[in-house]
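Trainee: I would like to go through the labels on this model. For each one, show me the value and the cut-off behind it.

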Amino acid sequence: MASRFLSTALQANTGLTKQFVRPLATAAKQSTATRITTLPNGLTVATEENASSGNATVGVFVDAGSRHESAEKNGVANLFEHIAVQGQASRFEKIGGVLYAQTGREQTGFAAKTLGANVEQSVQVLADLVQNTQLDSSAVDSQRAAVLKQQLAAESDYESVVFDHLHATAFMGESLGRPVAGVKETVENLTVEDLVAFQKQNYGSDRIVLVGAGDVEHDALVRLAEKSFGQLETAAAPEIKKANFTGSEIRLRDDVLPQARVALAVEGAPYLSTDYFNLLVMQAIMGSWDKTLGGAANLSSKLSTIVNNNHLANSFSAFTKGYKDTGLWGMYVATENKDQIDDFVHFTQKEWVRLSTSVTESEVERAKQQVRAGLLLSLDSTCAVAHDIGSQVLATGKRLSPEELKQTINKITVGDVRKTAYKYLWDQELAVVGQGPIECLTDYLRVRGNMAYNRF
């Protein structure tokens, strides 16, 4: 889009200032707050209009994921998503655009990016995808094979392996701890009846948000929703209980691998809660680092300075994961220096203790700037905006505007960070996963003891 616009501007031999400044200013004025309408059958329509964006993304986001599966049917949400997309892919190709789909632990999303003129056709495709997916043995067998290949490929994605095991041990015995793609044994045993039952139980009107972003009119999308989803009934999904966090560890030792990968996490805060934003600031204070970065020695994070000077890791990254009623907050590290994993864990926990005792105002303000920029700059496309709207509305029933996000983060103080760190870190249980050559990974009892150790 941008390249075509630039080409046209140069061919017209007009001034670049007039060609670029005016459209950007107009786009800013036309960007509106999220509008939300609930249909009589409980389906929610949410939009953010921006007619000058040049494209539109419409999506269906469903309050259903691997957390809504039983242990015996683990992987059914992911398999249903594969079958649904495959059944409508050729139809959407005729419209023109890009069709996205993703299954998560709590939500499943289907989104179509296309021109504004094709919104009606895209909504019809999405409606059929959700309501009229053909579930037969041939489709199930075909996509089952695709899912099994997906599982096999994921085994070489070591970071994903670590985080799947981190969820498994942190939420031991809970549905939130199960892998999104399922495991080979359960996927092989899924039947057409299992998929039909899952769809009926979870794909109800009260569990769906129809989202529009970009060149979409809210009132027009509401009318399309009434036409295409008006007959959809509510679902009788079972109530999900809060997942219990269990302090524990999993060690996947393999001395042949060139790098060790370790994740440490405590129980975090629910998505979009007050503490969730405080934890995002704490994550920014801990920071992320990679030795291949040109400025790796000059990052603001104190931990990055220690790691860089002592060559303790190849990379590390603090993380925050929020779910409806719980979360994970912690640190992930990849290192070839397998003999000093214990040192990295020591200095990480030292920084965790400092968050609740002596973190400075300048560190908090710098972290707030980073969080604001990260949240707002990530909304750089209609697809990103649509996903943001869908996930927020499903989780809380509303969407925070960019201005509300900025205000929420601006209000965070040093005291808030220290209180939150004390609440979630000081003497709290933690989950640990190590993979690769991890002989020097600190003993779990020592790591747990250091959560309340004030003599660093």
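Trainee: What makes you call α14 mostly covered?

Mentor: First, a caution: this is a predicted model. Now the count: twelve of the 15 residues of α14 are buried. Among them are T382, C383, A384, V385 and A386. D388, I389 and G390 are also on the list of buried residues.

Trainee: How do you know that C383 is buried?

Mentor: Its relative accessible area is 18%. Buried means under 20%, so C383 qualifies.

Trainee: Why is C440 called partly exposed?

Mentor: C440 has a relative accessible area of 27%. Partly exposed runs between the 20% cut-off for buried and the 50% cut-off for exposed. Therefore C440 is partly exposed.

Trainee: What span does α14 reach, and what is expected?

Mentor: Helix α14 covers residues 382-396 and reaches 21 Å from its first C-alpha to its last. At 1.5 Å a residue, 21 Å is expected, and the span is close to that. Just after α14, G397 takes a positive phi of about 85°.

Trainee: What covers the buried residues of α14?

Mentor: The cover includes strands β1, β2, β3, β4, β5 and β6. α14 lies across these strands, running at about 150° to β6.

Trainee: What is the order of the strands in the sheet?

Mentor: The open sheet has six strands in the order β1-β2-β6-β3-β5-β4, with mixed pairing.

Trainee: Which are the edge strands, and what makes them edges?

Mentor: They are β1 and β4, and each pairs on one side only. The twist averages 15° from one strand to the next.

Trainee: How do you know that β3 and β5 pair?

Mentor: Pairing needs at least two bridges. β3 and β5 have seven, in the antiparallel sense. For V60, the bridge partner in β5 is F110. On this sheet packs α4, touching β3, β4, β5 and β6, and its direction makes about 20° with that of β3.

Trainee: S122 is found in helix α4. Is S122 buried or exposed?

Mentor: Buried: its relative accessible area is 0%, and the cut-off is under 20%. Beyond its neighbours within four places in sequence, S122 is in contact with V58, F92, I95, A112 and T114.

Trainee: What lies 3.0 Å from a polar atom of the side chain of S122?

Mentor: The backbone oxygen of N118. A polar contact needs N or O atoms within 3.5 Å, and 3.0 Å meets that distance.

Methods:
Residues are numbered from 1 along each chain as its sequence is written. This is a predicted model: local features need pLDDT of at least 70, side-chain atom pairs count only at pLDDT 80 or more; totals for chains, interfaces and linings use all residues. Side-chain values use heavy atoms; hydrogens and water are left out. Buried means under 20% relative accessible area, exposed over 50%, partly exposed in between (1.4 Å probe, protein chains only). Helices (H or I, at least four residues) and strands (E, at least two) are DSSP runs, numbered from the N terminus. The expected span of a helix is 1.5 Å times one less than its number of residues. Contact means heavy atoms within 4.5 Å. A polar contact is a pair of N or O atoms within 3.5 Å; within protein, one must be able to donate a hydrogen and the other to accept it, and residues adjacent in sequence count only if both atoms are side-chain atoms. Axes are lines fitted to C-alpha atoms, for helices over the stretch in contact, and angles run from 0 to 180 degrees between N-to-C directions.
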